[in-house]
Amino acid sequence: MRDFTYPATILTAKTLFKVLGMKFQMTGTEHIPRTGGAILAANHISYVDFIFDGLAAQPSGRLVRFMAKKDAFDHKVSGPVMRSYHHISVDRDNGQQSYDDAVRYAREGEIVGIFPEATISRAFEIKELKTGAVRMAAEAGVPLIPMVTWGTQLLKTKDHPSDLTGRGKTIGLHVGAPLEVTGEDPVAETARLRAAMSELLDRAILEYPLSPVGQWWAPARHGGTAPTLEEAARLDEQEYAARAARRSAGR
C-alpha cells in the first residue's frame, strides 16, 4: 500500500505530543513484527485510543490499519483521511465485509488493529471480548498480538469531562507476546487473549506514575472509583436503550 498522509500525520502528532510535554511508557514493542501480517488486539478506554495505539508499532517501522466505524468513513472530512490511511470501515449492518477485508489485509502482510471489546469500557477493565480477533488471526494465519493502552481515558472518555490538550499527561502502551491461534475453539482462545490483556493492564496500572487509589479513571479493583464491570454493563444497557428510543422516536 502506498502511504503519503499516514506517515506525515504520525510525524506531526509526535511533534505535537512533544510540544505538549506528553510522556510515553512503552513496553513490549519488540513483539510487533517488522514484516508480515498480524492482528493487534487492544483494549478500549477512550475515544482517542486509535490515535495512540499505532505508536506502539513505530519502533518496528510499521503502520497499523485500524477497524473503525463506518460513520467516520462517511463523514465528508474524516472519510477521505481514513481512506488515505487504508483503515477498514466497519458497517454494523454488514459485518462480514469488514471481517473479510481485515483477513485480506493481514494475509497481504498488514497489521490490523482491532478493539475486541467493541465499545469503551466504563470500568477501565477488560470487558468480555468478541471472538472476531481470534477468528481473523486464525483464518489469515497470522499472530494475534495483545496490547493495552493506559492514560488515554484522561483525555476523552465516556461520562467524564474531556481534556484533549493532553498537556503533561503520560500514556502507557504495552504490547504482549504474540498468541498463536488455530480458530478451532474461538471462545477458549478469546479467553486466553482476555487473560493476556488483563495481565498487561494490571502492569500498566502499577507502572503508571499516578496512584490509582481514589481516582475516577482507575478500576475499583485497583482502588479507583470507576464502576465495576457489572455496574458498567448496566450503564451500557441503559445507554443502548436510550439510543434505541431516540432512533425509534426519529422515525
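Which loop holds Asp159? Asp159 is located in the loop that links β6 and β7 (170-175); helices (H or I, at least four residues) and strands (E, at least two) are DSSP runs, numbered from the N terminus.

This is a predicted model, in which local features need pLDDT of at least 70 and side-chain atom pairs count only at pLDDT 80 or more, while totals for chains, interfaces and linings use all residues. Residues are numbered from 1 along each chain as its sequence is written, and side-chain values use heavy atoms, with hydrogens and water left out.

**View 1. The whole chain.**
The chain comprises 8 helices and 7 strands. Its radius of gyration is 18 Å, close to the 18 Å that the globule rule gives for 251 residues, so the chain is as compact as a globular protein of that length. The radius is taken over C-alpha atoms, and the rule is 2.2 Å times the number of residues to the power 0.38. Along the principal axes, the C-alpha atoms fill a box of roughly 45 × 45 × 40 Å. Of the 251 residues, 47% are buried, where buried means under 20% relative accessible area, exposed over 50%, and partly exposed in between (1.4 Å probe, protein chains only). Among contacts with a separation of 6 or more, 74% join residues 24 or more positions apart; contact means heavy atoms within 4.5 Å. The chain exposes about 12,500 Å², and carbon and sulfur atoms supply 55% of that area, computed by the Shrake-Rupley method with a 1.4 Å probe; for residues, only the protein chains shown count as cover.

**View 2. Helix α6 and its surroundings.**
Helix α6 spans residues 132-140, and its buried residues are Gly132, Ala133, Val134, Met136, Ala137 and Ala140. These buried residues pack against β2 (38-42), β3 (64-69), α5 (95-107), β5 (111-114), β6 (144-150) and α7 (186-207). After α6 comes Gly141, which has a positive phi near 70°.

**View 3. The packing of α6 with α7.**
Two packed helices are described by the angle between their axes and the distance between the axes. For α6 and α7, the angle is about 110° and the axes are 8 Å apart. This makes α6 roughly perpendicular to α7. Residues Ala133, Val134 and Arg135 of α6 make the contact with Pro186, Glu189, Thr190 and Leu193 of α7. By class, the contact residues are 4 nonpolar, 1 polar and 2 charged. Axes are lines fitted to C-alpha atoms, for helices over the stretch in contact, with angles running from 0 to 180 degrees between N-to-C directions. Angles under 35 degrees count as roughly parallel, over 145 as roughly antiparallel, 65 to 115 as roughly perpendicular and the rest as oblique. Ala, Val, Leu, Ile, Met, Phe, Trp, Tyr, Cys and Pro count as nonpolar, Asp, Glu, Lys and Arg as charged, and the others, Gly among them, as polar.

Phe124 occupies the loop between β5 and α6. Although Phe124 is not a glycine, its phi is positive, about 60°. Its relative accessibility of 2% places Phe124 among the buried residues. Asp159, also not a glycine, has a positive phi near 70°. Asp159 is exposed, at 54% relative accessible area.

His160 is in the loop between β6 and β7 and is partly exposed at 29% relative accessibility. His160 and Trp217 are 57 residues apart in sequence, with 9.2 Å between their C-alpha atoms. His75 lies in the loop between α3 (70-74) and α4 (78-84), and is partly exposed, with a relative accessible area of 43%. His75 and Glu199 are 124 residues apart along the chain, and their C-alpha atoms are separated by 37 Å.
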